[in-house]
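I opened my notebook to go through this model. I wanted to look up the strands, a few residues and the pockets.

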Amino acid sequence: EGDTVVTEMRFIGTQTAPLATPQGVLPPSGRRVDLPGCVLHTITDGRITQHVGYYDQMLFLSQLGLVPEPANA
């Protein structure tokens, strides 16, 4: 309704190519990721004028094996 469109998404894939990060390029890991997220679009005069996407970056990094598992309490 109005000028805002919200889309819930789910990204599922396998890292089969190098991944550029601020710390350098990570080689393909072969790991699968399954990420929920959402995208917001603002529409002005029938055109998308703003696109913003959100997803859980820690979930993404942990599924790629880039975040240590928490220690058991």
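Entry one: a loop residue. Where does Gln-15 lie? I found Gln-15 in the loop between strand 1 (4-14) and strand 2 (19-21). I keep in mind that this is a predicted model.

Is Gln-15 buried or exposed? Its relative accessibility is 12%. The cut-off for buried is under 20%, so Gln-15 counts as buried.

Next I looked at what the side chain of Gln-15 reaches. One of its polar atoms lies 3.2 Å from the backbone oxygen of Pro-27. The side chain of Gln-15 also reaches the backbone oxygen of Ala-17, at 3.2 Å.

Then I listed contacts, leaving aside neighbours within four places in sequence. For Gln-15 I got Leu-26, Pro-27, Pro-28, Ser-29, Gly-30, Arg-31 and Leu-64. I also checked Arg-32: Gln-15 and Arg-32 are 17 residues apart in sequence, and their C-alpha atoms are 6.5 Å apart in space.

In what order do the three strands of the open sheet stand? The order is 1-4-5, and the pairing is antiparallel. Strand 1 and strand 5 stand at the edges with a single partner strand each, so one side of each has no neighbour in the sheet. Neighbouring strands of this sheet are turned against each other by 25 degrees on average, direction ignored.

How many bridges join strand 1 to strand 4? I read off 11, with strand 4 covering residues 32-44 and the two strands running antiparallel. I looked up two of the pairs. Thr-7 stands opposite Val-39 in strand 4. Phe-11 has Leu-35 in strand 4 as its bridge partner.

On to strand 5, residues 47-55. Strand 4 and strand 5 pair over eight bridges, in the antiparallel sense. Leu-40 has Val-52 in strand 5 as its bridge partner. Val-39 stands opposite Gly-53 in strand 5. Val-39 also stands opposite Thr-7.

How many residues lie between strand 4 and strand 5 in their hairpin? There are two. Asp-45 lies in this loop between strand 4 and strand 5. I checked its phi, which is near 50 degrees, a positive value in a residue other than glycine. Most residues other than glycine have a negative phi. I then checked the accessibility of Asp-45, and at 76% it counts as exposed.

I started with Met-9 in strand 1. Its relative accessible area is 32%, so Met-9 is partly exposed. Leaving aside neighbours within four places in sequence, Met-9 is in contact with Leu-35, Pro-36, Gly-37, Cys-38, Val-39 and Tyr-54.

Then I turned to Val-33 in strand 4. Is Val-33 buried or exposed? With a relative accessibility of 6%, Val-33 counts as buried. Its contacts, again leaving aside neighbours within four places, are Phe-11, Ile-12, Gly-13, Phe-60, Gln-63 and Leu-64. Leu-64 is in the contact list of Gln-15 as well. From Val-33 to Phe-11 I got 7.6 Å, C-alpha to C-alpha, at 22 residues apart in sequence.

What volume does the largest pocket have? It is about 180 Å³. Which residues line it? I listed Leu-19, Ala-20, Thr-21, Pro-22, Gln-23, Leu-26, Tyr-55, Gln-57, Phe-60, Leu-61 and Leu-66. Strand 2 and helix 1 (57-63) each supply at least two residues of this lining.

I cross-checked two names from that lining. Leu-26 is also in contact with Gln-15. Phe-60 is also in contact with Val-33.

How values were computed: Residues numbered from 1 in each chain as written. Predicted model: local features only at pLDDT ≥ 70, side-chain atom pairs only at ≥ 80, totals over all residues. Heavy atoms only, no water. Helix = DSSP H or I, 4+ residues; strand = E, 2+ residues; numbered from the N terminus. Buried < 20%, exposed > 50% of the residue type's maximum accessible area, 1.4 Å probe, protein only. Polar contact = N/O pair within 3.5 Å; in protein donor to acceptor, adjacent residues only side chain to side chain. Contact = heavy atoms within 4.5 Å. Pairing = 2+ DSSP bridges. Axes fitted to C-alpha atoms, helices over the stretch in contact; angles between N-to-C directions. 1 Å grid on protein atoms, 1.4 Å probe; cavity = no way out; pocket = protein on both sides within 12 Å on 5 of 7 lines; lining within 4 Å. Points joined across faces, edges and corners; volume = space filled by probe spheres on them.
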